[in-house]
Amino acid sequence: MPRSEPTSASAKQLTAAATSSDDAAWFMHDRFGMFIHWGLYSLGARHEWLMSRERMSVADYERYVAVFDPDLFDARGWAQAAKTAGMRYVVLTTKHHDGFCLWDSALTDYTVMHTPFGRDVVAEFVDAVREAGLKVGFYHSLLDWHHPDFTVDGHHPLRDESSVVAFGEGRDMGRYRRHLHGQVRELLTRYGRVDYVFFDFSYGEGAVPPVWGGKDADDWGADALLAMVRELQPGILVNDRLGIPGDFVTPEQYQPDRPMEVEGQAVVWEVCQTLNGSWGYDRDNTGYKSPDLLVRMLVDGVSKNGNLLLNVGPNGRGAFDANATDSLAGLGEWMRLHARSIYGAGASTFTPPSDVRYTQRGDRLYAHLFAWPFETLHLPGLAGKVTYAQLLNDGSEIAMRVIAPDTAAQNLTQGGQPEGTLTLALPVARPNVAVPVIELFLR
Ligand code: GLC
């Protein structure tokens, strides 16, 4: 049974309840973004944490600097690929934990300008993304395994080295903090409007699993950093990994099973997901999610009021590989026909039957069928509430029936549906799309 009437007004209330400020309106509307992890680790081609996993020294890891020359890099191509897949915002790693900067930072030489490539990737990215009409996002690592002042901890590549390094002699987090804030200031003052920033990440007390020497809000100077970000870019959205609350929460590689709440309050949330379990290009990892699964993940999140930030890890030449291209093509083909069940849509007040996910936008309810039943689809609580039903992929009418409870068993052998159930008569053949959607026009 519905918990309340599904009117445009109630949809608005839903949005308001889940939004921390009006600034998040575009974000909750757009629902779908592209994450891009790209840097020196893309050449190693075996996960973006390879420096840590393999306990590489700075000198050893720096071998990638001399050969970073991505001849296929094309920011416009990236932006176009995101747009065609139906994504509305793009988030690039300005710097990952390895400390390598994709922009022309004045605060270090460890940047793309000091590679054979020598071009400001962030500048080209921002121009291309904006030109494509998409929102601009930066991912920025709080960690920095290259910086001499960043103290060694349980994640650091030098964690197994001598106790001198391990206990932080000669390293000064205060100096590192100034560097971190200075770099963020560069990023937020040089490239015009930035809509979104994803800081990554805090692992202080309470981290699971525990990390010795773990770092948290105080280590980052999080309050001051956040205040600076908001001052430089009013209206920007900031995630929740500074160790203090942000504008949205960020489950990672996990699909929440209901709208997310913090202390009983609905919150804006965005799940980030990979194509194959790795963020950075990972050549030998073939555990790819199918395009159908990716569509289901997008739908499932939106049905619970969440966004999907789906990652692509371009390779060492700056190109998306065939797996990524195929995944994006599959998503784009589905989004071409079904975007209106995603953009501006969110959780419905109606409860769907199993294998169905509802999204709702005002007076339109979208039933996403994760499994295709034989001919009949029973939708509890919707009798008398729907004026018209159609398949979204081709706009073909779907017949509706309301079965009186006492005649149900005779008319339809399955029978026994509760009062108030709306029954749809589906074609036997499942539409040839990743996830079929029925658009219901609510009274
Ligand atoms: C993690 C990882 C990282 C990745 C990020 C994406 O915190 O450290 O490699 O960039 O999640 O959310």
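Phe-73 is buried, because its relative accessible area is 7%; buried means under 20% relative accessible area, exposed over 50%, and partly exposed in between, with a 1.4 Å probe and protein chains only. The model is predicted: local features need pLDDT of at least 70, side-chain atom pairs count only at pLDDT 80 or more, and totals for chains, interfaces and linings use all residues. Residues are numbered from 1 along each chain as its sequence is written, and side-chain values use heavy atoms, leaving out hydrogens and water.

**Aromatic pairs**

- The structure holds 29 aromatic pairs; rings of Phe, Tyr and Trp (its six-membered ring) pair if their centres lie within 6.5 Å, and planes under 30 degrees apart count as stacked, over 60 as edge-to-face and the rest as tilted.
- Trp-38 and Phe-73 form a stacked pair, because their ring centres are 5.2 Å apart and their planes lie at 15 degrees.
- This pair links distant parts of the chain, 35 residues apart: Trp-38 is in the loop between S1 and helix H3 (41–44), and Phe-73 is in the loop between helix H5 (58–61) and H6.
- Helices (H or I, at least four residues) and strands (E, at least two) are DSSP runs, numbered from the N terminus.
- Trp-38 counts as buried, at 1% relative accessibility.
- Ring pairs join Trp-38 and Phe-73 into a cluster with Phe-68, Trp-78, Phe-100, Tyr-110, Phe-117 and Phe-320.
- Tyr-203 and Trp-220 make a tilted pair, 6.5 Å centre to centre with 45 degrees between the planes.
- Tyr-203 lies in the loop between strand S4 (196–200) and helix H10 (217–220) and Trp-220 in helix H10, so the pair ties together parts 17 residues apart in sequence.
- Tyr-203 is buried at 2% relative accessibility, and Trp-220 is buried at 0%.

**Charges over rings**

- The charged end of Arg-88 sits over the ring of Tyr-343, 3.7 Å from its centre; this requires NZ of Lys or CZ of Arg within 6 Å of the ring centre and within 35 degrees of the ring normal.
- Lys-215 lies over the face of Phe-150, 4.5 Å from the ring centre.

**The sheet**

- Seven strands form an open sheet in the order S5-S4-S3-S2-S1-S9-S8, with parallel pairing; two strands pair if DSSP finds at least two bridges between them.
- Strand S5 (237–238) and strand S8 (269–273) are the edge strands, each pairing on one side only.
- Strand S1 (residues 32–36) runs parallel to strand S9 (residues 306–312), and five bridges join them.
- Ile-36 has Val-312 as its bridge partner in S9.
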